[in-house]
Amino acid sequence: MKRILLILSILFITNFKTFPQKAKEYYEKGLKAFQQKLDNQAVLYLDSSINLKNDEYVTYQLRGFIKSYQGKFVDAISDFDKAIRLNPNDADNFGYRASAKGSNTDIKGAVQDLTQAIKISPRKCVYYRDRAKFYAKLQDTVTAQLDLNKAITIDPEDAYNFTERAVIKDSAHDLPGALQDLNQAILIDPNQSPFYRQRAELHLKLRDTISALSDFDHDIRLVKKDNPMFYWDHYDRAKTRFLTGNYIGCVEDCKVIITDFNVQPDTSLIKLAYEYSAQANLKNGNYLATISDCNDLLKLYPKDYMVYLAKGEAHFRLNEFDDCLKAINEAIAIHPTAEAYFYRSLANAKLNHLKEVENDLTKAINLNSSYFLAYRNRALVRGVLANYKGTIADANIVLKNDPTDVKILTTKGMALYFLNNKKEGCPIVKRTANLGDQNAKQFAKEKCK
């Protein structure tokens, strides 16, 4: 239950005449502190009220609610136990204790408490809605949906009943049914930004990126800029725009986050925004912007090897191969991966450092024995380096994976020829020549007459 609703509930049912005067004063101070969100102070006042033999159940109920809000679930459950002993006919006592039990991993206990709350107050839809959530945690989506059906029957104008049923249907893989419920929730209350966010995520599961983007647009328009979700919404839209190839739009969303979002020391969202911005700029051919994004990100995370790899790729696209090598060397120094060695081999190839190319590809293969592209490139470079036995060994691995690779077939045929196996090598070269390989045609014409 929300704080304001709890306050109204307590104010409505409290009979202050049964309080000792001093206990009443402390209770009222505690309630006022709670209204002002001064929870620690509120608990101190409520402690004082209880110590003065205040046995009004709402005092324990309020303190239990505050402790539950603070994450002190064991203490909260103890307070709700006392409130229930003092007044076992208040359904909210069981509802609040169910919430505390559920947060303290006692899901079955939470279901039992909500079942009791429903017995006391069977027309209160929130109890069915809350019990449905706990049934879902117990993997009982059928009973959870029945509870939400009941909640909707009781109050068909409560949009949250539909959004919660959408969650249950989603978990049960009924995506069209979940979408139908979210549509109904938005029809009832079109000004709730979380509904659009939830529907956008469902549209993505249904691979409807156009509708997802439309929902993110609605969501962002409804959320205030001082709400952190405003920036997470921009991030989600940036990801979706990236998926649809709208790289400029992706960068725009990321820029909003990078420029305006300022929550210290948590920089995780800014990091994600820089990463997507860098990748979007890379995809869009804006390589200088990619390098700028990477440099800014490295100020926050200087040990992120993936950033160095992205920076290295941007330098590679700009034909700045020495700078590319520097960036990839930084990545390898932090975390040597097969991909990093493979990327470095490409830069070394452009600089005609062929022996370094072979060494890098060997290191990549040692880290990933299934890296067929590394075997392929090593077969080619070994052919140039006259390591013909190595060429054939690599070519055989590649051809086992893809027997139609014409260039590797040609390379293998030439290597066999140079190992004095003209009988086996020339037929291979002639076959690839007939398939259109120009190098094979020239070689066959000169060597395989």
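1. Basis. This is a predicted model, in which local features need pLDDT of at least 70, side-chain atom pairs count only at pLDDT 80 or more, and totals for chains, interfaces and linings use all residues. Residues are numbered from 1 along each chain as its sequence is written, and side-chain values use heavy atoms, with hydrogens and water left out.

2. Aromatic pairs. Rings of Phe, Tyr and Trp (its six-membered ring) pair if their centres lie within 6.5 Å; planes under 30 degrees apart are stacked, over 60 edge-to-face, and the rest tilted.

3. Tyr160 and Phe195. The ring centres of Tyr160 and Phe195 are 5.2 Å apart and the planes stand at 75 degrees, so this pair is edge-to-face. It links distant parts of the chain: Tyr160 sits in helix H10 (residues 159-171) and Phe195 in helix H12 (residues 193-205), 35 residues apart. Helices here are DSSP runs (H or I, at least four residues), numbered from the N terminus. Tyr160 is partly exposed at 33% relative accessible area, while Phe195 is buried at 2%. The cut-offs: buried is under 20% relative accessible area, exposed over 50%, partly exposed in between (1.4 Å probe, protein chains only).

4. Tyr235 and Tyr276. Here the centres of Tyr235 and Tyr276 are 5.7 Å apart with planes at 75 degrees, so the pair is edge-to-face. Tyr235 is in helix H14 (residues 228-243) and Tyr276 in helix H16 (residues 268-283), so parts 41 residues apart in sequence are tied together. Tyr235 is buried at 8%; Tyr276 is partly exposed at 23%.

5. Cluster. Phe34, Phe65, Tyr69, Phe80 and Tyr96 are joined into a cluster by ring pairs.

6. Arg197. This residue is in helix H12. Leaving out residues up to four places away in sequence, Arg197 touches Asp219, Val223, Met229 and Asp233 (contact: heavy atoms within 4.5 Å).

7. Ala386 is in the loop between helix H22 (372-384) and helix H23 (388-401), and is partly exposed at 44%. Asn420 is in the loop between helix H24 (406-418) and helix H25 (422-434), and is exposed at 74%.

Conventions: Helix = DSSP H or I, 4+ residues; strand = E, 2+ residues; numbered from the N terminus.
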